[in-house]
Amino acid sequence: MSGTDFESHRQPLFAAAYRMLGTRADAEDVLQEAWLRWNQVDHDAVNEPRAYLFRLVTRLALDQLRRVKARREAYVGPWLPEPLITAPGAEDAAELAESVSMGLLVVLETLAPVERAVFVLHEAFGFSHAEIADMLGRTERAVRQLAYRARQHVQARRPRHRHEATEHRQVTERFLAATLGGDLTALLDILAPDVTLVADANGKSETPRQPVHGVQEVAGYLVSVVEFWPSALGVEITQVNGGPGAVITTQGQPFLVFALDIDPADNRLREINALINPDKLAALSGQLPPVRDTR
């Protein structure tokens with residue numbers, strides 16, 4: 001019976017842990033530890049398994065966030081969340097898709113761990129402040145204050161663009177064709193004037209150690225690296241963290257993931273997140289759909 005309880009809640013528990021931690025590997029570690037601890041509990045004494053399991057995962061995620069703080073501070077260049085391939089319709093609502101977006105997770109990374117947990121539990125999973133207070137061992141008033149600070153911080157920084165897969169597929173295709181082909185004119189046409197490129201490689205490939213800003217600078221950089229692309233590339237346009245994106249492969253293995261932010265007002269790219277760190281791409285192998293060759 002204990003295994004049934006845990007498995008029935010595994011998906012939302014993973015979703016919460018991922019939103020709090022930003023990487024699949026850390027979220028899976030938390031779930032594994034939660035499962036071990038759950039199996040040591042007298043389940044007959046647990047009145048509400050869902051609340052108990054969320055409390056357990058939340059506290060383990062907070063501990064994990066504190067442990068990985070030093071690792072992330074030593075990270076080489078920009079840090080981006082580990083990408084999730086999210087097929088259209090995988091999330092139950094637009095709000096849930098937004099809560100796992102690359103842009104929002106980057107903002108959440110700037111919150112204190114407990115603020116991040118409160119925001120995720122309240123905004124993404126609908127727990128009340130009183131329920132969260134019980135999970136964290138804090139007063140309801142303290143949780144309300146944490147929630148307010150987190151919400152104000154996020155609202156000031158979160159991307160505000162809702163994405164429709166059908167509308168933005170053509171924009172993504174044009175961007176990929178221009179990027180892989182080194183077409184400067186096409187890139188200047190598809191990129192917003194204030195576009196930003198963020199590349200996460202952790203020093204394992206030659207990428208900018210700081211975000212690149214501005215249409216001329218971003219387009220120029222993308223054209224300059226064309227000669228360094230590996231041969232036998234494949235590309236699959238897909239949803240990445242609930243928004244437009246693509247997986248680039250070489251010899252069947254993930255090489256790069258683009259997560260894009262497209263302004264619906266003019267269908268231009270305002271942010272390009274490029275994940276190249278092989279450690280963050282390793283888990284994608286089992287998620288990849290068949291890719292189409294581009295060369």
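## Burial and overall composition

A residue counts as buried under 20% relative accessible area, as exposed over 50% and as partly exposed in between, with a 1.4 Å probe and protein chains only. The structure is a predicted model, in which local features need pLDDT of at least 70 and side-chain atom pairs count only at pLDDT 80 or more, while totals for chains, interfaces and linings use all residues. Residues are numbered from 1 along each chain as its sequence is written, and side-chain values use heavy atoms, leaving out hydrogens and water.

Of the 295 residues of the protein, 49% are buried. The accessible surface (Shrake-Rupley method, 1.4 Å probe) comes to about 14100 Å², and 49% of that surface belongs to carbon and sulfur atoms.

## Pro244

Pro244 lies in strand 4, residues 243–250. Pro244 counts as buried because its relative accessibility is 10%. The C-alpha atoms of Pro244 and Phe258 are 8.4 Å apart in space, and the two residues are 14 apart in sequence.

The protein has 13 helices and 7 strands, taken as DSSP runs numbered from the N terminus (helices H or I, at least four residues; strands E, at least two). Contact means heavy atoms within 4.5 Å. Among contacts between residues at least 6 apart in sequence, 67% join residues at least 24 apart.

## Helix 4 and helix 7

Helix 4 (residues 49–73) passes helix 7 (residues 113–124) with the axes coming within 10 Å and crossing at roughly 140°. Axes are lines fitted to C-alpha atoms, for helices over the stretch in contact, and angles run from 0 to 180 degrees between N-to-C directions.
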